[in-house]
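The following paragraphs guide a new reader through the structure shown below. They may be read with the sequence and the coordinates side by side.

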Amino acid sequence: MLADIAVIGGGSVGVSFLAQLVSCLRQQERVVGKPITVLLFEPRSRPGAGNAYDEDLPTNLLNIPVRNMSAYADDKAHFQRWLEAQPRSARAHFDVGDFDSNSFLPRPLFGRYMENVYQEAVREGKASGIVIRHVEQRAIGAEKTENGAWRVLCGDGDCYITSRVVLCNGNLASTTFPALEGHSHYFNDPYPVRKLAEHIEPDATVGIIGSSLSAVDAIVALKEAGHRGMVTCFSRNGRLPSVRSAQNRTTLSSKLTSKDVWNLAEANGGVLTLEHFFSLLASHVETLGGRLDMADVLGPNLPAREALDHEIEVSQRQERLWQVVCSASNDVIDLVWQLLSEEERRTYHQTWRSLWMARRATFPLQNALKLQRYFRQGTLNVSSGFNGCRYDETSRTFHIQLNGPAVAQAQLPMPDSLQVDYVVNATSFSLDPSSTQDDLVSQLLRSGYASSDPFGGVRLDYATGCLMDVNGEVQSSISLLGSLAVGTYFWTLSMDVNARLAHAQAQRIGTQLGQKAKAFGHIENFDMVSSK
């Protein structure tokens, strides 16, 4: 059977695309009696949550408020309405009582919502002549046939033929510490955080490599589950993420728009610099009646514990308008990235990326207060100067190597190293497809259908999200969404950005499918068909 489209990956991004495709198709016209067929390749029995929003501890919070979490880019309140329709007893399962649009809720609750979005898309599709078939297998390859269709290969040897492919296959596993992989006391990924609480003894010493949002999730999971031992975060700079102010209630009356970005570029010869973009953000802070406080934007140059105290004090006291404007920039961030020169992009990666990730990727005040409590209890430490990790068979511990004076709040047993019982890799997933062991991505690279982007992920055509092959040609029938689109769209770590990019692809592909249907004969509207 020749399917119209195959979606590879049934996590949040894949289901967001699928749901928005169904929504688009229901507004199109189609040939009566000829269903549109969609194959969803997802090894989990329940598509929707994926690894990011899987069943987990309720302490594992979203870092984005309810108002910006939705599977539908053109319906930002969809998640909130779904929540409000749930009985209080269902929300209580996730330790959620009263909430509003500014609340930060458990990640597994959003996963439950995404499962519901998938189920609703299947029902609406069926009623409108769209057949969605869940193939409960992992796709390990995609090959182009002589007639231009795609053959999707599965791990058990099955293959499926489809006219086009949308890759939503999730994050690549970290390859940062290959020598540690397979060790029972090493976790290559913090998620799901419940596995940390289940397998790490309460009094064991734990080293978390990285001090970003993933590290915060790991710390809170362990401590709230009753862990009593010392937890130490190690990173090169020893910086925790910025704390999102609980006072942030402002919504931009005139959001940053693509027109703003184009006008700025045209005023500067058709290109942008990082300085231009920063000036644009600053002007919008002033539009909101504020002033850009550079000390607050960059963060205090203090040890992590003191810096956290400062962040909490500021976040409890006032609205931080630079955070509001940065969040609003999600609507245009990919266009800004496209208009930067290659030299400016390199400057960002070499000079500003670490600071941007620490300040732009904020975490909720409620988790910041928990970290503050662990610091004061003497069971949390953050150290800079990370320079490597190895396992010592003699002592049966992991040795964390430090480079230079470590910024730490607890006295280290040695000035240049620390021994821990467990190690959690919280340095994030890999963005380097050339080093991955993922079968599908590796096969696409070997076959030349895909090529690595110098700024991470795979090279894509900006207008369509389609793969650019090894010769730089656009493969118009295979596109990609998610973290591996980072080199093209920059900020593909955020659900609102991914939903917006998924919406654009769903609209483009849905329109093409509708036009294709018109070439076959008699046409009726989807809604007319579903009402019969």
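**A guided reading of the model**

Asp95 lies in the loop that runs between α3 (88-92) and α4 (107-127). The model is a predicted one, and in it Asp95 has a positive phi of about 60° although this residue is not a glycine. Most residues other than glycine have a negative phi, and most peptide bonds are trans. Asp95 counts as exposed, because its relative accessibility is 63%, where the cut-off for that term is over 50%.

A second residue with a positive phi is Phe490, which is not a glycine either and has a value near 70°. Phe490 sits in the loop between α16 (486-489) and α17 (495-518). Is Phe490 buried or exposed? Its relative accessibility is 9%, so Phe490 counts as buried. A further feature of the backbone is the peptide bond from Tyr191 to Pro192, which is cis, with omega near -10°. Pro192 belongs to the loop between β10 (186-187) and α5 (194-199).

Attention may now turn to helix α14. This helix comprises residues 365-377, 13 residues in number, and extends 18 Å from its first C-alpha to its last, close to the 18 Å expected at 1.5 Å a residue. Which residues of α14 are buried? They are Leu365, Asn367, Ala368, Leu371, Gln372, Tyr374 and Phe375. These residues lie on the same side of α14, because they cover an arc of only 170° around the axis. Among the elements that cover the buried residues of α14 are α6 (213-224), α10 (304-317) and β13 (380-383). After α14 comes Gly378, with a positive phi near 80°.

Side chains of opposite charge can pair when their charged atoms come close. The structure holds 18 salt bridges. One of them joins the side chains of Glu124 and Arg26, at 3.8 Å from N to O. This pair links distant parts of the chain, since Glu124 is in helix α4 and Arg26 in helix α1 (residues 12-26), 98 residues apart. Glu124 counts as partly exposed because its relative accessibility is 27%, and Arg26 is likewise partly exposed, with a relative accessible area of 23%.

Helix α4 also contributes Arg112, which forms a salt bridge with Glu55, the closest N and O atoms being 2.8 Å apart. Glu55 is in the loop between β4 (36-41) and α2 (78-85), so the pair ties together parts that are 57 residues apart in sequence. Arg112 is partly exposed, with a relative accessible area of 29%, and Glu55 counts as partly exposed at 30% relative accessibility.

A salt bridge also connects the side chains of Asp392 and Arg390, at 3.6 Å from N to O. Asp392 counts as buried at 17% relative accessibility, whereas Arg390 counts as partly exposed at 41%.

The mean pLDDT of the protein chain is 90, and 92% of its residues reach 70 or more. Over residues 406-415, however, pLDDT stays under 50, and the model has 24 contacts beyond four places in sequence for this stretch. Over residues 521-532 pLDDT also stays under 50, with 29 contacts beyond four places in sequence. Where pLDDT is low, the predicted coordinates should not be read in detail.

Terms used
Residues are numbered from 1 along each chain as its sequence is written. Side-chain values use heavy atoms; hydrogens and water are left out. Helices (H or I, at least four residues) and strands (E, at least two) are DSSP runs, numbered from the N terminus. The expected span of a helix is 1.5 Å times one less than its number of residues. Buried means under 20% relative accessible area, exposed over 50%, partly exposed in between (1.4 Å probe, protein chains only). The arc is that of the directions from the helix axis to the C-beta atoms. Contact means heavy atoms within 4.5 Å. pLDDT is the predictor's confidence in each residue, from 0 to 100. A salt bridge is a side-chain nitrogen of Lys or Arg within 4 Å of a carboxyl oxygen of Asp or Glu.
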